[in-house]
Amino acid sequence: MDTEGTHEAAGGGAYGTKGAGLPAQAGAPHVPPPPAHAPATTPPLADWLRTPRPQAPPGTWRPGHVPRALTEPEVTPVRQLVAGALISMLAGVLLWSLLWNMYLGGFWLWPLYMFTPDSWQGSESVPAVVAAYVWYGIVILILAVTFGRLGRWPELLRRLFAPVLQRQTPQTAAPAPAEDPVEWGEVRGGGLGEVAELLRGEVVGGRMNDVDYARIRRAWRSVQADPSRLRAFAQAVRDKGAGACVHPSGVRDLPVRAARHDLVTGQVRIGRADPGERNPYARRGTGVALDTGLLGTSLLAVGPSGAGKTARLVRPVVESLALQALAGQAAVVAVGAAGTRLGPDDAYDVVVRVGDPASRYDLDLYGGTTDADEAAGLLAEALAGDVPGADVRRAATALAQLLGPFRAAYGRFPGVPELRELLDAVPGTVDALRAELAAAGQQPMLRELDARARATGAHGDPAPLLADRVALLDRPAFAGFFDTTGAGRPFSLRSLEHPLRVRIDLPERGHADASRMLARLVLAQFTAGAAARADRSLFACLVLDDAAHALTPETVRGIQRLRSLHAGVVLTLRTLDDVPEALRTPLLGAVGCRMAFSGVTTWDGGRFAEAWGTEWVEARDVTSRTVFADQPLTRAVHSFRKLVTGKAVTTDAVTVRQVERARWSASDLAHSLPPGHAVLSLTSVRGERAAPLLVDLEG
């Protein structure tokens, strides 16, 4: 449903100036205050539900979409049509003149003589004159039809007057779906006629919005999957109407919307396919949208600062997923630098502001897992995943040799200061841990601790590197964060089974290295949490605004596995140079949707061009050859033509052949994209593909 954000009413006008400063008159009628918001301009819910949504290629905005032909029809230029019409008209007039003046004989009058009495021939009687002129009209009509078809008069008239008629003719409404969704036929067919009638009244009465409709429809599908929920569903609708089966937060809509959404198809519109020749004819001018079927293959967007990645891609996608979370269909985690415009706080259930003492929520450093080996692997990816030459497996082993014993001794994982002391092998901390393990009889964990003690200081020991990285989080700005004692409210990415709307603000300005490390941690935890879900009915998505230095070989492999886990990620980069060179090609291969914004460099454009491959196109080669005349008269004509035009007389030889060319070259991507545009290729989880499209993000 197309819902715009609220707009403040313009100041001034009748309410703002008239009568200003005058005392109120006794008995004067009360004048209501001016409206705080502009009147709604969106169509009613019933009209929105009845809007046709035909099947379309991936990435097509389906509401009201009108399919087009796959190939562009050949269009004759208007100038050529006018010339042909004039020539055919003159030929028709000439033929009629010849017939009328009897230059071709009187054969064309034989039918008139055959079907009229002999006494009418040469007579001036009224019937004879009428019959003669009727026959003349028939002959003229035959000539007009014949020469009109030869001169293509109907096509010329359509080309000249069709735009005027389209402007004057009122637009007819598109045909409604075969089954009216306002009537809730599925619910009625399930034996709940009373409930269906109640829901219909909520729609018609304007008490239901698009989120309510999507949420209740999903609840009904769960009833169809588990009939034991039928009674609870019916009772909830009777008690709360459109507010039935509401999100745990009790919220039924977002406070503001910045994009156009369609919750029936789960789409968000991000722009319009450019109507130029760079796009296939069937997609020119159509709306471009994203949905969970496309985001399930993950999306990578590359473009310089100011190209519109956040405002025109990240914000609409996060907003769409937040609406679907309110409808019980998705879980979204948006990660960005503090101050990034990803929506107001009221649009989220959980807002984690790392480094902000006023933050209500904390971030679980260990991803909510209780397995020391898994926690060590995730933490090692964050701490050492971007270090050239670092062995992440050895780092994970070193961390596991400390996390396992600590959890066995204290029933929890260590906090940041404690983990730093363990990695630095501070005698007091290690001795206290050893004593606790000995008192509890944890012999296996004592052996782990002894193994870590033997490796301390050895060649290639990752502990000093890990300690230096942990020190980035052991700063006064992060005091009170990453708590493991249970005093705080940590958010864990193990909660992706619930329809949550989460935003994580990273302290990019003052702690850039720590922010990148936390981004790697969240990405690693997300890929692990998506795979660990027992219930994958919800679509889980991580939106990482500015994924610079957040990708590691293991997380790239994790992104490849998300497609089968009903999950996906959206990553944005300023340039592919922010990714290690060894990961650039695997990253482009791991994601199914790729987006290059205006302003990308030639080097980045070359990598996208290689990923998008080539296609067969028709090439026309024109060869001009000068004509040399042999006859004196012809040479004179050619000389006069050259004198007038300044060019020699030539003939053109046209060669048509099939050649293989890049869909988008590096030079095109770097220099030919207009501002506010991007090239987008799409792949759905079912394997459907859309060739790279030039998208106008402001359309």
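I began with Arg53, which counts as buried because its relative accessibility is 14% (buried means under 20% relative accessible area, exposed over 50%, partly exposed in between, with a 1.4 Å probe and protein chains only). I note that this is a predicted model, in which local features need pLDDT of at least 70, side-chain atom pairs count only at pLDDT 80 or more, and totals for chains, interfaces and linings use all residues. Residues are numbered from 1 along each chain as its sequence is written, and side-chain values use heavy atoms, with hydrogens and water left out.

I then looked up the partner of Arg53 and found a salt bridge to the side chain of Asp262 at 2.9 Å, N to O (a side-chain nitrogen of Lys or Arg within 4 Å of a carboxyl oxygen of Asp or Glu). Arg53 sits in the loop between α2 (45–50) and α3, and Asp262 in strand β1 (residues 260–262), so the pair ties together parts 209 residues apart in sequence; helices (H or I, at least four residues) and strands (E, at least two) are DSSP runs, numbered from the N terminus. Asp262, at 0% relative accessibility, is buried.

Next I checked Asp212 and Arg215, whose side chains meet in a salt bridge of 2.9 Å, N to O; both lie in helix α9 (residues 210–225), three residues apart, about one turn of the helix, and both are buried.

For contrast in setting, I looked up Asp577 and Arg607, whose salt bridge is listed at 3.9 Å, N to O. Asp577 is partly exposed at 44% relative accessible area, and Arg607 is partly exposed at 22% relative accessibility.
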